[in-house]
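Okay, thanks for coming, everyone. Let me put the structure up and then talk you through a couple of spots in it.

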Amino acid sequence: MPGTIPALLRRNAQMRPNDPAYYEKVNGAWVPSTWSEYWQQTRRAAAALVALGFQPGQTVGILGFNRPEWTISLLAAQAAGGAPVGIYTTNSPSEVQYILHHAESPVVVVENQHQLDKILAVWHELPHLKYVVLMRGTDAPDDERILTWEGFLAKGGTAEEEEVERRVDALKPEDLGTLIYTSGTTGPPKGVMLSHSNLVRTSEIVSGMFGTGPGDTSLSYLPLSHIAEQMFSVHGAITSQYTIYFAESPQKVADNLREVQPTIVFGVPRVWERMYQGVKERLGEATGARKKLAEWAMGVGAQVTALRNRGQEPSGLLALQYRLAERLIFSKVKAALGLSRARICASGAAPVSKDLLEFMGSLDIIIYEVYGQSEGCGPTTWNRPGQTKFGSVGKPLPEVEVRIADDGEILVKGPNVFMGYYKDPEATARTLVDGWLHSGDLGRFDEDGYLYITGRKKDIIITSGGKNIAPANIETALKQLPLVADAVVIGEGQRYLTALISLDMEAAQKFAEEHGIQERENLHLHPTILKTLEEGINQVNQQFARVEHVRNFRVVPTPFSIEGGELTPTLKVKRNVVMERYAELIREMYNEA
């Protein structure tokens with residue numbers, strides 16, 4: 001089997017030339033492109049790069065939402081002997097400049113005028129950048145350095161395509177396959193170097209765990225600059241030969257899920273939380289016989305899910321009840337969510353609530369939580385069919401070793417572990433020690449070999465009483481409160497913990513309407529909302545030891561956001577930014593004592 005991603009794509013074009021590789025929405029209809037067409041598009045784009053002077057070992061920046069040109073550009077960069085560099089669409093011009101300059105990209109592919117404007121604003125600070133390529137649908141200004149997609153593809157000819165074939169043949173599994181820039185919660189992003197071997201072998205291992213293949217489909221909608229979406233939508237899809245649908249836009253994801261009904265669905269916790277809250281609200285509106293039927297079905301579903309998580313199937317009366325519940329309740333709920341055909345639902349990139357997993361499981365939707373990081377090519381441990389414990393992040397992948405260091409840090413070794421950080425040997429040496437990836441995460445194994453994440457080393461809070469507290473689990477529990485979008489637990493050097501709360505504005509507006517609150521401008525200060533939050537926090541406190549109780553809180557005036565600088569592009573809270581920005585609120589909470 002070929003050991004590089006472009007060679008695997010070429011293999012698919014030979015083995016399954018007429019099977020659909022991907023679909024995109026055109027004039028209201030899903031239009032397929034075959035594996036043969038996918039390879040031809042990639043080879044042509046790679047030939048255009050060669051014509052522009054692109055050399056093996058160089059990089060191509062890509063800035064845009066998920067669409068065929070994104071993945072074709074990624075694959076073309078690889079086929080031309082280089083590597084792609086994904087950039088988040090939410091990045092500011094200065095952040096875009098940092099990544100392109102650090103990666104020394106001579107070419108960047110951008111989605112539209114909005115993203116082009118970012119490049120134009122910083123091009124004078126990009127000495128390596130020679131060309132900008134626009135994805136379809138955007139006109140190029142009168143500048144020979146800026147090419148339309150069609151004009152770009154026209155650059156390559158037969159000679160360049162033959163050169164591409166030679167470069168693909170010359171690629172080695174140990175060559176750089178992709179550069180993933182971390183989201184930078186504590187400093188400038190670092191370029192994670194993943195080899196073709198990392199990408200292919202990890203994809204093969206995951207495919208073996210879940211049995212993915214040509215009959216599977218997945219919707220591509222999360223940022224392709226993130227390793228998880230790149231693995232699902234590109235490397236895993238090509239390795240397993242399954243079909244990708246490109247979502248029309250972030251706003252159309254829910255509609256597209258219902259249209260496509262994919263078999264593989266990956267979501268970050270916030271995606272599953274929105275589904276969870278939506279279903280809970282609908283079920284909460286049920287009354288009488290409908291309510292009793294739903295409660296009965298969910299009780300059956302919970303029993304069946306518990307069996308299946310242990311590798312068993314229902315039998316006898318429970319099997320009959322399950323079939324009835326499936327027909328009356330589960331099938332309708334799953335179809336409404338776009339999950340009627342889903343056989344692999346996964347959650348990753350951040351902790352997800354055990355309550356959410358159990359609730360969705362009671363509706364016959366088993367979500368397999370995965371743990372890992374960019375430096376581990378995405379997955380390190382994963383719950384899987386027949387081997388799932390809600391609340392854990394599963395067992396290590398086959399061929400992957402995981403151990404817990406004396407200080408509780410999770411260490412990883414295996415074919416998924418990265419090559420190092422691009423142009424940063426010092427950071428590489430700190431993170432890769434004797435072949436072991438030092439994850440920075442804290443965890444523990446239970447007696448059955450399931451891993452539980454207990455926090456981040458850098459986030460540990462040491463109180464004035466000397467207690468070490470990992471805030472992650474407390475924050476995850478607080479985020480389950482209906483009014484809470486994000487929470488940051490504080491307490492370094494203090495006698496007790498406090499929290500900064502960011503409101504879920506959609507939920508807060510609905511709450512205000514239901515409670516007759518007329519003043520909508522300062523909901524973060526409204527007594528009814530504060531009282532409800534206080535009651536919820538007191539309930540959350542009961543889940544934890546007394547030293548872990550949140551004793552006071554403040555609601556920030558505006559929700560945390562990417563644009564505001566409090567969230568990374570992957571929606572992780574930048575704790576340092578939040579604590580610096582709201583230092584006065586924090587002082588106020590402790591002064592009250």
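Let's start with Leu 500, which stands opposite Arg 554 in strand 27. Before I go on: this is a predicted model, where local features need pLDDT of at least 70 and side-chain atom pairs count only at pLDDT 80 or more, while totals for chains, interfaces and linings use all residues. Residues are numbered from 1 along each chain as its sequence is written, and side-chain values use heavy atoms, with hydrogens and water left out.

Helices (H or I, at least four residues) and strands (E, at least two) are DSSP runs, numbered from the N terminus. Two strands pair if DSSP finds at least two bridges between them.

So, the sheet: it's open, with 3 strands in the order 25-26-27 and mixed pairing. Strand 25 (484-490) and strand 27 (550-555) sit at the edges with a single partner strand each, so one side of each has no neighbour in the sheet. On average, neighbouring strands here are turned by 25° against each other, direction ignored; the axes are lines fitted to C-alpha atoms, for helices over the stretch in contact, and angles run from 0 to 180 degrees between N-to-C directions. Strand 26 (residues 497-503) pairs with strand 27 in the parallel sense, over 5 bridges. Then helix 20 (residues 583-591) lies across strand 25, strand 26 and strand 27, running at about 135° to strand 26.

Now over to Val 279, in helix 11 (residues 269-284). Buried or exposed, this Val 279? Buried, at 8% relative accessible area, where buried means under 20%, exposed over 50% and partly exposed in between, with a 1.4 Å probe and protein chains only. Leaving aside neighbours within four places in sequence, Val 279 is in contact (heavy atoms within 4.5 Å) with Val 333, Leu 337, Phe 359 and Leu 363.
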